[in-house]
Amino acid sequence: MKAKYLVIIGLLAATFAACSRDEESLFDKPAAIRAQEAIDNAFDVLTSAENGWEMAYFPNLEASAKGYNMVLKFNKNGNVSVTAKNSATTANKILTDTASTWAVKSDYGPILTFDTYNDVFHAFSDPKDNGAGFLGDYEFLILKATPELVILKGKKHSAYTIMRPMKNTDLPAYFAACEKMQTNLFGNNNIVTLTQGNEKMYLYKGADGQFQSAAYGSPLVAEEATYHPVCSTEDGIIVSTGFGEDVHDHIFLYDSINGELKSEAGAVMNAGNLNVLFGAYFTDNALGWAVDSEGQETVDALIAAVNTAMNNTSAKMKVMGYGYKQSLNMYEGGYFLLVNFTYKQGKKNQEKKLVWTIDLTQDENGVTVANAVPYDSNTETFLGQIPSAQAVADMMLGSFKAVPLQGYLFNAAAGMKLVGEKELVIRGANNIKM
Amino acid sequence: MKSLYKILAVACLVMGFAACENEQLTGESIFIDPVIDTTTYTYQFDKWLDKYYTEPYNVEFLYKLDDNATDPNYNVVPVSIGMADTLAHLALYLWYDVYDSVVGPEFLPEYGPKMIQLIGSSMMDPVNNTEKLGYAEGGIKITLLKINKMQLNNIDNLNEYIFKTMHHEFAHILHQQKNYPTEFAQITPANYDPIKWQERTYKEAWQLGCVSNYGSSEAREDFVEVIANYIVKPDAWWANMLKEAGTEGAALINQKWEICNNWLAEKWEISLDDLRAEVQKRQANLDWEMIMSFDEMLKEKRENAKE
C-alpha cells in the first residue's frame with residue numbers, strides 16, 4: 001500500500017514539475033515569430049519612404065574606399081529603382097536602373113538582398129576582371145530599420161551603409177547639392193579638428209573622399225593612419241566608420257552659421273583654432289595667404305591715397321583698382337608681405353611688386369603682424385618716391401583673430417577673416433611668387 | 001480503491017501532458033510560400049519558368065541569387081532579369097529540347113539537374129589566373145556563371161562561355177549519377193596537373209592527349225571536356241585539334257572519345273553523334289527572334305504530341 005502512495009506522490013510531483021517550464025521567458029514571442037516580425041518591419045520601413053531613400057554606400061573598408069550617393073526606391077512588388085551619379089561608375093551622369101529586384105529575407109537576422117543585377121547598384125559589387133572590383137556587397141545585414149534611419153552592414157565585406165529618407169524629389173538638384181557640399185567642405189587639402197567628448201583628433205585629406213585620422217596636434221603619419229571613407233550629402237557628411245574607440249557616429253550635419261559639422265551624439269568637426277591654422281598653413285604647405293580686396297573698406301581709400309601721392313610726383317602714375325594684390329608669405333629666412341599692383345603710366349600698363357619683411361607671431365589667441373620693412377632696393381626706391389605707399393603695407397599690420405568666413409566655414413584654407421581693428425579676408429594661395 | 005488509484009494515476013499523466021499544451025508550434029511556416037506570388041514584379045517570368053522548366057522537367061530555375069548558395073571565396077553578382085530570360089530561352093533551344101528530341105522527353109525529368117542556378121559574373125581567381133564558368137554539384141545542381149557578359153551576337157564567345165559550359169556541367173551531372181569508366185583516368189594519368197593547367201596552351205594540352213587545357217587538370221574534367229567540346233565545336237575545330245595534337249596526342253584523344261561515346265551509349269542510351277548533330281544544327285541557326293519565341297513552338301509541339 002505504501003508503495004502505491006509513493007507512486008501517487010511521485011506522479012503528482014512529476015505533474016507539477018511538468019509545468020516548471022512556464023518560467024518567465026526572456027522573450028515575449030518564439031524566435032520564428034520574432035524573426036518574421038523583424039523582416040516585416042524592415043519591409044514596411046523600406047517601402048514607406050515616399051521619395052525613396054538616400055543611400056550613403058561604402059563598398060568596403062579598404063584604404064582606397066570612398067563613399068557614394070545613391071537614391072533607392074523600394075516597391076512593394078519586389079522591384080527596386082536605383083539612381084546614382086559619380087565619376088567611378090556612371091561617368092558623372094545621372095544613371096537610373098529600374099529593372100531589378102530586392103527582398104528582405106531571414107538568415108542570421110533580417111537581410112536586405114538585391115538579388116537580381118542592377119546596372120547602377122551592382123556596379124560596386126561586380127568583381128570585374130580582377131575578381132574584386134570595388135569589393136561591394138549585394139546582401140546586407142539590417143542592423144537598424146526605422147522610418148528615419150536604416151543602418152546596413154555588408155554581409156561579405158562588412159562596410160556600413162546608411163540610408164535616410166529622401167527629402168529632395170529633384171534628383172539633379174540632389175546630386176548637385178551633394179557635390180557642392182563636397183567642394184565646400186573638402187575642396188582643398190585641409191586639417192579638420194574633431195572633438196567628441198574629451199577626445200580630440202586631427203582629420204586629414206578629405207579631398208579624395210576619405211578622412212585619415214591622427215592624434216590632435218600631430219602631423220599625419222601615413223603608416224599609422226586609419227581610414228574613414230566619407231560620403232557628402234545635401235546636409236552634411238556621412239562616414240562609414242566612427243572615429244576613435246567605441247564611437248560610432250556616422251552622420252554629421254553641417255551648421256553653416258558656426259562652420260561646423262555635428263553628430264547627433266555631440267561630436268563636432270570644425271577647422272579647429274584658426275589662429276593656429278593661420279600659421280600652420282605657412283609651415284605645413286610652404287604657401288601663402290592672398291589678401292582679398294573684396295569687401296575691404298580700406299582698400300579704396302588706400303588706392304586713392306597712393307594715387308594722390310603718385311600724382312604729386314613727376315611720374316604721374318595712376319593706380320588701377322583691379323590687379324591690386326597683397327599677400328603674406330613665408331620664404332626661407334622669414335615672413336614677407338608682397339604688394340602687387342598694376343598702374344598706368346602714360347598709356348602703358350605697368351606692374352609693380354613691392355616687398356617688405358614682416359614680423360609674424362601667432363598662437364591660439366591670435367595673430368600679430370608687425371614691422372613692415374622694405375626688403376629690396378626696388379621697394380626702397382619706390383617708397384622714396386612715394387612715401388605714403390608705406391600705408392599699403394601698414395594696412396596689414398596689427399593684431400587679429402582668425403575667424404571662419406561665411407560660405408567657406410569648414411574649409412579654412414579656402415577663406416577666413418582676420419578680425420582686429422581692421423578686417424581682412426584672406427584665402428590660401430600657392431601661386432604668389434617673390 | 002484500486003480503481004481510484006488508477007484514475008488518479010491516469011489523471012496525473014493527463015495533467016502532466018496537458019501542462020505542455022501551450023508549447024505547441026503554430027502551423028505557420030517561417031519560410032516564404034513557394035507558390036508563385038501573382039503580385040510580384042517577376043510574376044510573369046516566374047510563371048513562364050514554372051511552365052517551361054519546373055513543370056515539364058522537374059527543375060528549379062534559380063535566377064535570384066542567394067549569397068549562401070555561392071562559393072564564399074569568390075566575389076560574384078546576380079544575373080540581370082533580362083539575361084536570365086535570354087539564357088532560359090537559349091537553354092530550352094540548345095539543351096533541353098535537344099535531349100527531348102534525341103534521347104526522349106522522359107530523360108531530362110529523370111536524370112537532368114534538379115536545380116539550375118544562374119550567376120551574373122564569373123568566379124575569378126586572380127592569384128592563379130583562372131576563371132570559373134560553371135560547376136555541378138551532387139548530381140542535382142548546375143550553376144552557370146558569367147551570364148551577364150553573354151555576347152549575343154558573338155557565336156565564338158557563346159560557344160566557349162555558355163554552350164560548352166552547359167554541356168560540360170550536364171556531363172558532370174550524368175557521371176555523378178553513373179560513374180565514368182575507370183580506364184579513362186588511366187590513359188594520360190601523368191599529364192594531369194590540377195595546379196598549373198592554366199599555364200598550358202590549348203595546343204600543349206592537345207599534344208598531351210587532352211581536348212582543352214582545363215581538361216588537362218584532372219580526369220573527371222577531361223572526361224566532360226571531351227563530351228562538351230565534341231558536342232559544341234564544329235567539324236573543322238575538331239579536325240584541327242587532332243592535327244595539331246600530333247599522332248600521339250590525337251591517338252590519346254581518340255581513345256578517350258571512344259570511352260565517352262561508349263559510356264553514353266551503354267549507360268545512357270545516348271548517341272554522342274546524334275546529340276552533336278542536333279546541337280550543331282541548332283547552333284548554326286542562332287536566330288534570336290526564333291529562340292525567344294521558341295517556347296511558343298514547344299507549346300505547339302507538346303500539344304501535338306498529346307494529341
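Contact here means heavy atoms within 4.5 Å. The model itself is predicted.

Start with chain B. Helix H3(B) covers residues 81–102, and helix H9(B) covers residues 272–283. The two pack at an angle of about 140°. Their axes lie 10 Å apart. The crossing of H3(B) past H9(B) is right-handed.

Which residues meet where H3(B) touches H9(B)? From H3(B) come Tyr93(B), Leu94(B), Asp97(B), Val98(B), Tyr99(B), Ser101(B) and Val102(B). From H9(B) come Asp274(B), Leu275(B), Glu278(B), Val279(B), Arg282(B) and Gln283(B). By type, the residues of this contact are seven nonpolar, two polar and four charged.

Now turn to chain A and its open sheet. Nine strands build the sheet, in the order S4-S3-S2-S1-S9-S8-S7-S6-S5 (chain A). The pairing is antiparallel. Strand S4 (95–101) and strand S5 (103–106) of chain A stand at the edges. Each has a single partner strand, so one side of each has no neighbour in the sheet. From one strand to the next, the twist averages 30°.

S5(A) pairs with strand S6(A), residues 110–113, over four bridges in the antiparallel sense. Ala103(A) stands opposite Thr113(A) in S6(A). A helix lies across this sheet's strands too. Helix H2(A), residues 31–48, lies across several strands of chain A, among them S1, S2, S5 and S6. H2(A) runs at about 165° to S5(A).

Chain A also holds a barrel. Eight strands close it, in the order S10-S11-S12-S13-S14-S15-S16-S17 (chain A), with antiparallel pairing.

S11(A), residues 199–204, is joined to S12(A), residues 210–215, by four bridges. Tyr202(A) stands opposite Ala214(A) in S12(A). Further on, three bridges join S14(A), residues 236–239, to S15(A), residues 251–255. There Gly236(A) stands opposite Leu253(A) in S15(A).

S15(A) also pairs with S16(A), residues 260–263, antiparallel and over four bridges. Asp255(A) stands opposite Glu260(A) in S16(A). How many residues sit between the strands of this hairpin of S15(A) and S16(A)? There are four, and in this hairpin Gly259(A) takes a positive phi near 65°.

Terms used
Residues numbered from 1 in each chain as written. Chains lettered and ligands numbered in written order. Predicted model: local features only at pLDDT ≥ 70, side-chain atom pairs only at ≥ 80, totals over all residues. Heavy atoms only, no water. Pairing = 2+ DSSP bridges. Axes fitted to C-alpha atoms, helices over the stretch in contact; angles between N-to-C directions. Left-handed = near helix turned anticlockwise from the far one by under 90°. Nonpolar A, V, L, I, M, F, W, Y, C, P; charged D, E, K, R; others polar.
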